[in-house]
Amino acid sequence: MTLEATTPGANYGSTASGSSFYAAMRILPRAQREAMFQIYSFCRQVDDIADSDGPRDERLAALQVWRNDIDALYQGHPPERLKDYVSSVKTFGLKREDFLAIVDGMEMDVPQDIRAPDMATLDLYCDRVASAVGRLSVRVFGLPEEDGILLAYHLGRALQLTNILRDIDEDAGLGRLYLPREALLHAGITSNDPNRVIAERALPKVCLPLAQRAKAHFEQSDEIMNRNRRRAVRAPRIMSKYYHAILDLLIARGFSAPREPVRVSKVTRFAILFRYAFF
């Protein structure tokens, strides 16, 4: 991977086309769609820095350049790579602190690999890398302030916990372990070595409570979306249903080794899109 920025003027839609959320973003009106593609592109770039195999000091420096560029954007002097964002920031009232929170979240992986964080640290990580993205997104979707922030809180955590449960083996390959320390100890697992932990027979005792926590956040998200305008929650509803389907597949598969990857079928994805994009 590279630490260089995306070329200014890049096609944000093309960048987002590989995302699980592309279909949900694609159904939005043009201004909202472009804003979401820009948010996705920003997240992709800072995530690529955090996940690169470059020296840690260079990754930290590259993330600091992003912070400086965000500050410049909000001070009225956007750098070339953020000039396209000016209109979206103004139109949708996107907050500087949410962009910075995302950088802070990506940076949590950089000084050292995350391994068995305590629950508070895991929740902070979820807030920064997922709920902060949600706070930017709900402004684009046009949700009321209070419900929008609440939806970002719950849906962000639901999606990120699902990601963590889905990617246990992949993350271990990167030397990372996002499962909370308290849950590991409760299951009798004292190691924080990712490759040892994923081979533990007691791993389901760690993962299933986390899956239930994700389901509770999905339920809270549904309650919020049910009381808001259908049109304003079309995109987050599709994102929620898609990831809820992944979580259901994970629970049905179980968390004992060996774990086969789960994948939502094309039929299911189409059914979700057809049901919530148009009705």
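In this predicted model, a cluster of rings linked by pairs comprises F42, W66, Y74 and F99. Within it, F42 and F99 are both buried. A search of the whole structure gives seven aromatic pairs. One of these joins F42 to F99 in an edge-to-face arrangement, with 5.1 Å between the ring centres and 85 degrees between the planes. This pair connects distant parts of the chain, since F42 belongs to helix 3 and F99 to helix 6 (residues 96–107), 57 residues apart. Another member of the cluster, W66, has R81 lying over its face, 3.6 Å from the ring centre.

A second aromatic pair is formed by F270 and F274, which are stacked at 6.0 Å centre to centre, with 20 degrees between the planes. Both residues lie in helix 14 (residues 266–278); because they are four residues apart there, about one helical turn separates them. F270 has a relative accessibility of 56% and therefore counts as exposed, the cut-off for that class being over 50%. For F274 the relative accessible area is 42%, so this residue is partly exposed. A charged group is also placed over the ring of Y153: the charged end of R157 sits 3.8 Å from the centre of that ring.

The largest pocket in the model has a volume of about 1,200 Å³. Its lining consists of 42 residues, and those nearest the centre of the pocket are R44, D47, Q160, N163 and Y243. At least two lining residues come from each of helix 3 (30–51), helix 7 (119–141), helix 8 (145–166), helix 9 (168–173) and helix 13 (234–253). The greatest contribution is that of helix 8, which supplies nine residues. By class, the lining of the largest pocket contains 24 nonpolar, eight polar and 10 charged residues.

The volume of the second largest pocket is about 370 Å³. This pocket is lined by 17 residues, with R166, D167, P261, V262 and R263 nearest its centre. Two or more residues of its lining are given by each of helix 8, helix 9 and helix 13. The lining of the second largest pocket is made up of nine charged, seven nonpolar and one polar residue.

Conventions
Residues are numbered from 1 along each chain as its sequence is written. This is a predicted model: local features need pLDDT of at least 70, side-chain atom pairs count only at pLDDT 80 or more; totals for chains, interfaces and linings use all residues. Side-chain values use heavy atoms; hydrogens and water are left out. On a 1 Å grid over the protein atoms alone, a cavity is a set of points where a 1.4 Å probe fits but cannot get out, and a pocket is an open set with protein on both sides within 12 Å along at least five of seven lines; lining residues have an atom within 4 Å of a point. Grid points are joined across faces, edges and corners, and a volume is the space filled by probe spheres set on the points. Ala, Val, Leu, Ile, Met, Phe, Trp, Tyr, Cys and Pro count as nonpolar, Asp, Glu, Lys and Arg as charged, and the others, Gly among them, as polar. Rings of Phe, Tyr and Trp (its six-membered ring) pair if their centres lie within 6.5 Å; planes under 30 degrees apart count as stacked, over 60 as edge-to-face and the rest as tilted. Buried means under 20% relative accessible area, exposed over 50%, partly exposed in between (1.4 Å probe, protein chains only). A charge sits over a ring if NZ of Lys or CZ of Arg is within 6 Å of the ring centre and within 35 degrees of the ring normal.
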